[in-house]
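Trainee: I would like to go through one part of this model in detail, with the rest of the chain as background. Please keep to what can be computed from the atoms.

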Amino acid sequence: MSFGQNLQFLRKMRKGMTQEDLAEKMGVSRQTISKWEIDSAFPEMEKAIALCNLFACSLDELLRKNMNSDSEAYTNMRVEKVLPFRYTRYVVISGSPEDDAIKHIKDWASSYKIEQPEIIGWDFPKVSQEQINVYHMHGYAAACIIPKDFITTSSEIEVITQTDQQYAVITIKEPFKAPFSLIPNAYKTLMRYMDVNNFKHKQIKDVLSCFEKVYEKDGVSYMDVYIAIES
C-alpha cells in the first residue's frame with residue numbers, strides 16, 4: 001500500500017472530505033493533493049506530520065503500512081442513533097460458542113412465539129485467561145430484541161433495557177464467505193473511521209459497547225457492526 005493510497009483512504013474516511021477540503025486544511029492547492037494521492041509527489045516533513053495529526057495516525061502508518069483494510073465487502077460507514085430497546089440474552093463460553101448461543105436465543109424466541117425475531121450478538125468479555133490460553137475458549141452473547149408488545153411475568157427471563165445511543169456502524173456484504181478475515185477487519189476499519197473522525201468509543205455499564213446484527217436483503221446476507229460512541 002502506497003502513501004498516496006493511504007492518504008486517499010483516510011480522506012474518504014473523514015466524512016466524505018474532498019481534495020479541495022484537504023488542500024484548504026494543508027494550505028496547498030487541490031492539484032498538490034491529487035499528486036500526493038497518485039504518488040507523483042510527496043509532502044514535506046512538516047506537511048506529512050500535519051496529515052498525521054489531522055487523521056490521527058502515525059508517520060510510519062501513513063508512509064509504510066497498509067491502512068486500507070477496506071474492501072468491496074464493506075459499505076456505508078455511518079453514525080446511527082439506535083432508539084431505546086429491551087432485550088434478553090444468553091451467553092455461552094466454549095471453543096465455538098456463537099452457534100450455540102444464537103441457536104438457544106432463537107429457540108427461546110420461538111417458544112414465546114416471537115415471529116421473525118431480531119437477533120444481535122457480541123463477544124462476551126468475561127472469560128478468564130486460563131479459559132482462553134489453556135482451553136482455547138471464548139465467550140459469545142446472543143440476544144433477542146424484545147418486541148414492544150411483548151409481555152411476560154416469567155421470572156426466568158432477564159429483561160435488559162438500553163436507552164437511545166449513538167453508534168458508528170459498518171455494513172459487511174456476505175460476511176460468512178470469509179468470516180475470519182472480513183469480520184475482524186470490519187472492526188478495524190470501523191475503529192479507523194472513528195479515529196479519523198475523532199469519535200471516542202463509549203464503554204459504560206448500561207450500554208452495549210458493540211454488537212453485530214445479521215440479516216438478509218434480496219437474497220444476500222449482510223452484517224451490520226455497531227460500536228458505541230460518545231455524543
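What percentage of the 231 residues in the protein chain is buried? After that, please take a close look at strand E6 (165-173) and the strands joined to it.

Mentor: The model is predicted, so local features need pLDDT of at least 70 and side-chain atom pairs count only at pLDDT 80 or more, while totals for chains, interfaces and linings use all residues. Residues are numbered from 1 along each chain as its sequence is written, and side-chain values use heavy atoms, with hydrogens and water left out.

Buried residues make up 40% of the 231. Buried means under 20% relative accessible area, exposed means over 50%, and partly exposed lies in between (1.4 Å probe, protein chains only). The chain has eight helices and eight strands, taken as DSSP runs (H or I of at least four residues for helices, E of at least two for strands) and numbered from the N terminus. Its C-alpha trace spans about 65 × 40 × 35 Å along the principal axes. Of the contacts (heavy atoms within 4.5 Å) between residues at least 6 apart in sequence, 74% join residues at least 24 apart. The accessible surface comes to about 13600 Å², and carbon and sulfur atoms account for 49% of it; areas come from the Shrake-Rupley method with a 1.4 Å probe.

Now to E6. This strand is mostly covered, with seven of its nine residues buried. Strands count as paired if DSSP finds at least two bridges between them. E6 pairs with strand E1 (residues 74-82) in the antiparallel sense, over seven bridges. In that pairing Glu80 stands opposite Tyr167 of E6. E6 also pairs with E8, antiparallel and over seven bridges, and there Tyr167 stands opposite Ala228.

E8 (residues 220-228) is joined to E7 by eight bridges, and the two run antiparallel. One of the partner pairs here is Phe211 with Tyr226 in E8. E7 and E8 form a hairpin with two residues between the strands, and Asp218 in this hairpin takes a positive phi near 55 degrees. On to the next neighbour: E7 (residues 210-217) is joined to strand E3 (residues 118-124) by two bridges, again antiparallel. Lys213 in E7 is the bridge partner of Ile120.

The backbone beyond E6 deserves a note. Most residues other than glycine have a negative phi. Glu174, which is not a glycine, has a positive phi of about 50 degrees. Glu174 lies in the loop between E6 and H8, and at 26% relative accessibility it counts as partly exposed. Past H8 (179-196), the loop between H8 and E7 holds Asn198. The phi of Asn198 is near 60 degrees, a positive value in a residue other than glycine. Asn198 is exposed, with a relative accessible area of 52%.
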